[in-house]
Amino acid sequence: MKKLSTFFLTLTALLTLPMTASAQDVEAANIAQFNAVEDGKVVKLTLTDARVNASLYNVFYVEDASGATAIKGVNLTVGTKLNGYIVGKKGTEDVDYVNTPSQGLEYSLTVEDPSLSSYTSSAAEMVGTPMTIAEASVQANYGKLVTISDVTITQIGTGYNKQLKDAAGNTMRSRDLFGVLPDGYTWPEEASKITGVVLFYMTGWFLIPISQDAIVPAGAQPTSVTFDFTTDALHAVGTNINDKAGWILNDEFLVDNVLLQITAGSAPSRIFKDTNRGNCLSMYKEYSTLTFTAPSGYAIVKIDFTYAGTGTLNFTATPAGLEGNTWTGNAEGVRFLNNATPYLANAVVTLAPKNDATVAFPAINYTECANIAAFNALENGAYAKVMLTDAEITGMSADGYSTIWLQDATGGCWMQYTTLIEKYLQEGNKVNGFFYVVKRTASGNPQMKETEDTPKSEFTQTPIGEPAIIEGTLAEVNVAANLNKVVKISGANLAETSATAGTLTQGDATIAVNNGTATANQQLHKIAEWAKDTNLENIDMVAILVAKSTTENQLLPISITTGGTGIAEVNAANAEQVVIYNLQGVRQSRLQKGINIVNGKKVVIK
């Protein structure tokens with residue numbers, strides 16, 4: 001009896017073990033292959049741009065180019081696309097309670113151990129495949145995102161179901177099964193289009209809308225949407241706005257389904273209260289943008305701007321149509337490139353139903369750059385997708401969030417005020433992947449700036465330990481190819497001429513040294529002990545070489561050490577020739593870590 005009990009206990013333990021990679025039965029290269037797998041099999045499903053269309057009771061309807069299926073047991077985000085793989089068990093549920101044979105089956109993958117899956121998620125366009133009602137109402141489209149045009153909508157009974165009918169007389173049903181419509185929503189009697197997920201619900205085929213915007217009334221009247229920057233209301237609808245005096249770093253604002261995206265430009269844009277300018281949105285020039293996007297089925301036909309206090313509205317619009325403070329046109333979206341520093345009180349956007357004359361919103365044309373050197377060679381204002389291979393983040397500004405310096409094997413650049421720094425990038429890491437940025441040059445220094453697509457950048461980070469360092473004499477390292485890279489000069493002399501600045505000299509070569517301040521947004525401030533009128537001889541300096549102006553470079557020091565010519569080995573035997581004191585005035589027998597006063601001169605030991 002004891003052996004039998006042990007057997008059953010062992011069997012029970014085996015049956016309750018979590019699913020492992022060894023339990024995998026089959027691989028499916030796409031969703032269509034997965035749907036054809038025998039029920040009960042453990043499947044590794046490869047996902048290639050598989051869009052998450054909707055969710056219902058923790059069931060996610062996912063579609064790739066081959067078909068759609070339901071995924072359970074893992075938390076996905078609607079409106080994203082997945083790449084990678086998910087491991088789970090194949091199942092099939094009969095969702096047709098009337099017909100034999102069934103006309104509606106839901107294929108599903110149930111995840112039992114999320115650790116066996118690996119995938120990435122990024123934003124996806126929620127654009128349905130155009131179909132007629134007859135085309136959509138088939139098993140092959142179960143779970144797919146579909147758009148049906150020109151239908152009449154009538155109530156079925158007293159419940160929640162609606163009937164969609166097209167000009168050919170074909171019908172299918174619809175209802176707010178996903179719960180996306182507001183309370184009291186009135187369905188239009190006619191719709192120019194409806195975008196939704198095809199499901200077989202209980203007794204028939206349904207098109208379930210994915211949003212209120214997915215139902216576009218026929219002949220809808222123009223509506224106006226106001227972005228009021230004089231109130232705090234937009235803070236509640238923004239996604240990235242932070243607490244640094246109302247800074248906006250590639251933020252998105254959604255008001256009545258009109259999307260506004262604001263990029264940072266040469267400094268963060270701000271929604272703030274100002275005694276001189278009034279309550280406003282302050283847009284800083286040089287590559288900052290305002291991008292308005294109409295909801296599905298609509299076009300933007302007019303935007304009226306009002307500015308607060310002092311300021312000049314000086315934008316370039318795409319497509320064109322800006323005169324004074326008003327843009328007029330007929331476009332899915334409008335991008336305004338900033339040429340000044342306006343202080344906007346509000347922007348009123350007028351919408352109309354989309355028509356054949358509506359201009360498609362142009363995508364940004366990004367130049368693909370294989371490395372940082374290729375990016376640095378671009379013209380100012382060029383948009384770029386920059387590939388990064390072991391690119392090192394060698395420094396971050398003293399404030400901890402404004403500026404970073406980046407180098408790879410080909411070159412260096414710097415980046416300031418971006419979503420990437422604010423949310424992701426860390427000093428001392430190496431980056432692999434790509435950034436979406438725009439090229440800017442400040443004082444001869446190549447710089448990566450924010451664009452609307454910056455949040456779509458994809459990359460990984462790992463610690464680097466010590467960054468790559470270019471060593472040589474001052475004259476050798478002070479060249480344009482080394483801008484924004486880490487360099488090391490040995491055996492030079494440093495004269496500290498102020499509390500934050502100095503001059504490094506080696507032979508006939510000299511260069512400015514800027515140690516910055518603890519609050520500087522473009523300086524490292526790595527050397528804590530720095531004084532005016534102090535000379536250091538025969539030192540080694542590790543620093544980032546940057547442009548001070550279009551004709552002059554400077555060093556941002558990372559570390560300063562002695563040059564190793566004997567002074568570091570001072571001990572009691574030669575103390576009579578070399579006199580060493582600490583900062584408290586106590587004489588020392590040898591050099592100590594930190595600041596030493598040697599024969600009246602300051603020496604820093606790291």
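1. The side chain of Thr-69 makes a polar contact with the side chain of Asn-35, at 3.0 Å. A polar contact is a pair of N or O atoms within 3.5 Å; within protein, one must be able to donate a hydrogen and the other to accept it, and residues adjacent in sequence count only if both atoms are side-chain atoms.

2. This is a predicted model: local features need pLDDT of at least 70, side-chain atom pairs count only at pLDDT 80 or more, and totals for chains, interfaces and linings use all residues. Residues are numbered from 1 along each chain as its sequence is written, and side-chain values use heavy atoms, with hydrogens and water left out.

3. Confidence next. pLDDT is the predictor's confidence in each residue, from 0 to 100. The chain's mean is 87, and 91% of its residues reach 70 or more. Over residues 1-22 the pLDDT stays under 50. Over residues 564-576 it is below 50 as well.

4. Leaving aside neighbours within four places in sequence, Thr-69 has contacts (heavy atoms within 4.5 Å) with residues including Ile-31, Phe-34, Asn-35 and Tyr-107. The C-alpha atoms of Thr-69 and Lys-485 are separated by 50 Å.

5. Now Tyr-97. This residue lies in the loop between strand S5 (80-94) and strand S6 (105-110). Tyr-97 is exposed, because its relative accessible area is 58%.

Definitions and conventions. Helix = DSSP H or I, 4+ residues; strand = E, 2+ residues; numbered from the N terminus. Buried < 20%, exposed > 50% of the residue type's maximum accessible area, 1.4 Å probe, protein only.
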